[in-house]
Amino acid sequence: MNPINQVLEFVVRHYPVSVYPRVLEIAAGSGRLSRLLAHKGYQVTAMDPELVIDRFAPYEQDLNCFDESTDISSYDLGIAVHPCDIHETIIERFQDSGKGLFLIPCIPDACPSPSLSKFNNNDEWLQHLEQYGLNQAELFDKNAPHYIQPFRHAFYRFGEHVPVHIMPCCKKR
């Protein structure tokens, strides 16, 4: 199965559209996940300063960068796949607001992001993420294809009403 389809399946299963209808996808890139989510009934905004604009997209498009001033009040769920240097800003904003969050972080072994360069390896970075009160679990089988292996380790936290899920993966550049 394609990893993006696994992400979609996971989101649909754990964040049903009836509970999380309004989604902000941060670092949306091509908008592929946004499109798939929109076809599942979610009201999606794809946010990325380098977003591939699609005149016929079934979702809203926002060319701004996500930062501390981004208004997330109208969203129920934030999704970020490979957000490079803004992991912690995303986590803090969504945790502070009580919103749902699903994040697949970059990992130091595969991402040249300056904020990750201070970590010696993937394990050190993933341990750092644990400071946000997230638990760790294995999401996929060890025998999954090599391109899915970075999705194996999942981090999650169930707050008052809203879960936070973090899964490591990053595209090599």
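Buried here means under 20% relative accessible area, exposed over 50%, and partly exposed in between, with a 1.4 Å probe and protein chains only. Helices are DSSP runs of H or I with at least four residues, strands are runs of E with at least two, and both are numbered from the N terminus.

Before going on, a word on the source. This is a predicted model, where local features need pLDDT of at least 70 and side-chain atom pairs count only at pLDDT 80 or more, while totals for chains, interfaces and linings use all residues. Residues are numbered from 1 along each chain as its sequence is written, and side-chain values use heavy atoms, leaving out hydrogens and water.

Back to helix 4, which spans residues 122–129 and has Asn122, Trp125, Leu126 and Leu129 as its buried residues. These cover an arc of only 95° around the axis, so they sit on the same side of helix 4. That arc is taken from the directions from the helix axis to the C-beta atoms. At the N-terminal end, Asn121 caps helix 4, with a side-chain oxygen 3.1 Å from the backbone nitrogen of Asp123.

Helix 3, residues 87–97, has the buried residues His87, Thr89, Ile90, Ile91, Phe94 and Gln95. Just after helix 3 comes Gly98, with a positive phi of about 75°.

Next, the salt bridges. How many salt bridges does a search of the whole structure find? It finds three, where a salt bridge is a side-chain nitrogen of Lys or Arg within 4 Å of a carboxyl oxygen of Asp or Glu.

Glu9 pairs with Arg13, their closest N and O atoms being 2.9 Å apart. Both lie in helix 1 (residues 3–14), four residues apart, which is about one turn of the helix. Glu9 is partly exposed at 40% relative accessibility.

Asp76 forms a salt bridge with Arg22, again with the closest N and O atoms 2.9 Å apart. This pair links distant parts of the chain, 54 residues apart: Asp76 is in the loop between strand 3 (60–62) and strand 4 (77–81), and Arg22 is in strand 1 (residues 22–26). Asp76 is buried at 16%, whereas Arg22 is partly exposed at 32%.

Arg35 bridges to Asp54, with the closest N and O atoms 2.1 Å apart. Arg35 is in helix 2 (residues 32–39) and Asp54 in the loop between strand 2 (43–47) and strand 3, so the pair ties together parts 19 residues apart in sequence.

Last, the aromatic rings. The structure holds five aromatic pairs. Rings of Phe, Tyr and Trp (its six-membered ring) pair if their centres lie within 6.5 Å; planes under 30 degrees apart are stacked, over 60 edge-to-face, and the rest tilted.

One of the pairs is Phe10 with Phe102: the ring centres are 5.3 Å apart and the planes at 35°, so this pair is tilted. Phe10 is in helix 1 and Phe102 in strand 5 (residues 100–104), 92 residues apart. Phe10 is buried at 7% relative accessibility, and Phe102 is buried at 0%.

Tyr15 also pairs with Phe102, with centres 6.4 Å apart and planes at 75°, so that pair is edge-to-face. Tyr15 lies in the loop between helix 1 and strand 1, 87 residues from Phe102. Phe10, Tyr15, Tyr20 and Phe102 form one aromatic cluster.

Definitions and conventions: A polar contact is a pair of N or O atoms within 3.5 Å; within protein, one must be able to donate a hydrogen and the other to accept it, and residues adjacent in sequence count only if both atoms are side-chain atoms.
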